[in-house]
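Dear colleague,

I am passing on the structure that you will find just below, together with some notes on what I found in it. Please keep it open while you read, and look up each place as it comes up.

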Amino acid sequence: MSMNRETILNIVLAALLIAVPVIAQIMGEPFIITLATKVAILGMAGVGLNIALGFGGLVSFGHAAFFGIGGYAAGILASHALNYEPIMTAPFEINGSTQMIVIWIVALIASALVALLIGAITLRTSGVYFIMITLAFAQMIYYFAISWPAYGGEDGLSIYVRNSFPGLNTLDPISFFALCAAMLGVAIAFSAVLIRSRFGLALHGARQNSQRMMAIGIAPFRVRLVAFVISAMITAWAGALYADLNRFVSPSMLSWHMSGEIMVFVILGGVGRLFGPVAGAALYIILEHLLGGMFEYWQLPLGILLLVVVLFARGGLIGLLAGERKHA
């Protein structure tokens, strides 16, 4: 069976994401490797939001909450491990950890619990009410982080040594990029399987016509809630990687600005397209790098580009280059 243009474009995009840091490694340009790593991590955060927004039609403006939860999971566990201080001693002792796998598990569980609570409330609304309530919850968590002096408060929390992963030197830029790119690949593959599964079909149906789904015995609320939780978990996973990339976590990861950036990645690349968030994150970071050094208000051309995409290229960058409309 022949591949369509979007599939070919996705393969090219994946190849470029891998080739650029490899070439940078050969040329001795670690900064470019770091930029590519940032693309992989933020693209992964966008993949998480895309499950809720692109496939579920849930316009969440609070996904920075989950991104920040992942970051703080990494920061808190690492700081306690490095300072040889238990996180808690009663009723039983819990110690910190610098093992990425442990941190990811904690980030996934914490974000799932928070998303379950937020989703159970917000998904009873729709439209602008859903947008505003998700934003309100994210801001509550943001202000909680600011007023949490034990972990830096407004100043944030430093991770002096990047957390470890079995068999890898995570302080080596190309090795850490390889890890982040692999995790991005896992997230995209999971997203692809999910949307083609029976659950994905139910989510698609809940987005198109919730009344018809109820008529055939499927509860749209439960389907959306599961999608919202899965979306939050992937975004939190990306947040944990982002904290390790910067070796620093701060309340800015929880701010509404971050929610907006993650949404911009999805919209620029193509809502509901597997590699859309990756393309959007790459375009955003390239513009930030090239234009940010030229003048202070580099977001102005980005805003104009976003407006053009929304008005004239509803399929985003992927849809524009593939020359296809995303099927509804």
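Predicted model: local features only at pLDDT ≥ 70, side-chain atom pairs only at ≥ 80, totals over all residues.

S191 has its place in helix α6, and because its relative accessibility is 3%, below the 20% cut-off, S191 counts as buried.

Stepping back to the whole protein chain, you will find 13 helices and two strands. The C-alpha atoms fill a box of roughly 55 × 50 × 40 Å, taken along the principal axes. A compact globule with 328 residues would have a radius of gyration near 20 Å, and the protein chain has 20 Å, which agrees. Of the 328 residues, 48% are buried, and among the contacts between residues at least 6 apart in sequence, 77% join residues at least 24 apart.

What, then, lies inside? In soluble globular proteins, nonpolar side chains tend to be buried together. Here the largest nonpolar core has 84 residues, and I41, M44, F67, W104 and L184 are those with the most contacts inside it. Helix α2 (residues 30-55) gives the largest share of this core, namely 14 residues. Apart from this core lies another one, also of 14 residues, with L58, I69, I118 and A232 among them.

Helix α4 (residues 100-122) has 23 residues and reaches 31 Å from its first C-alpha to its last, which is close to the 33 Å expected at 1.5 Å a residue. An α-helix has 3.6 residues a turn, so residues three or four places apart point the same way.

The aromatic rings come next, and the count of aromatic pairs is nine. In one of them, the rings of F67 and Y242 have their centres 5.3 Å apart and their planes at 45 degrees, so the pair is tilted. Because F67 lies in helix α3 (residues 64-82) and Y242 in helix α9 (residues 220-246), this pair ties together parts that are 175 residues apart in sequence. Both F67 and Y242 are buried.

F265 and Y284 form an edge-to-face pair, with 5.2 Å from centre to centre and 80 degrees between the planes. F265 lies in helix α10 (residues 256-269) and Y284 in helix α11 (residues 276-292), so this pair ties together parts that are 19 residues apart in sequence. F265 and Y284 are both buried as well.

Ring pairs link F66, F130 and F228 into a cluster, and the charged end of R162 sits over the ring of F176, at 4.3 Å from the ring's centre.

With best wishes

Terms used: Residues numbered from 1 in each chain as written. Heavy atoms only, no water. Phe/Tyr/Trp six-rings, centres within 6.5 Å; stacked < 30°, edge-to-face > 60°. Helix = DSSP H or I, 4+ residues; strand = E, 2+ residues; numbered from the N terminus. Buried < 20%, exposed > 50% of the residue type's maximum accessible area, 1.4 Å probe, protein only. Lys NZ or Arg CZ within 6 Å of the ring centre and 35° of its normal. Expected span 1.5 Å × (residues − 1). Core = buried A, V, L, I, M, F, W, Y, C linked by side-chain atoms within 4.5 Å. Rg over C-alpha atoms; globule rule 2.2 N^0.38 Å. Contact = heavy atoms within 4.5 Å.
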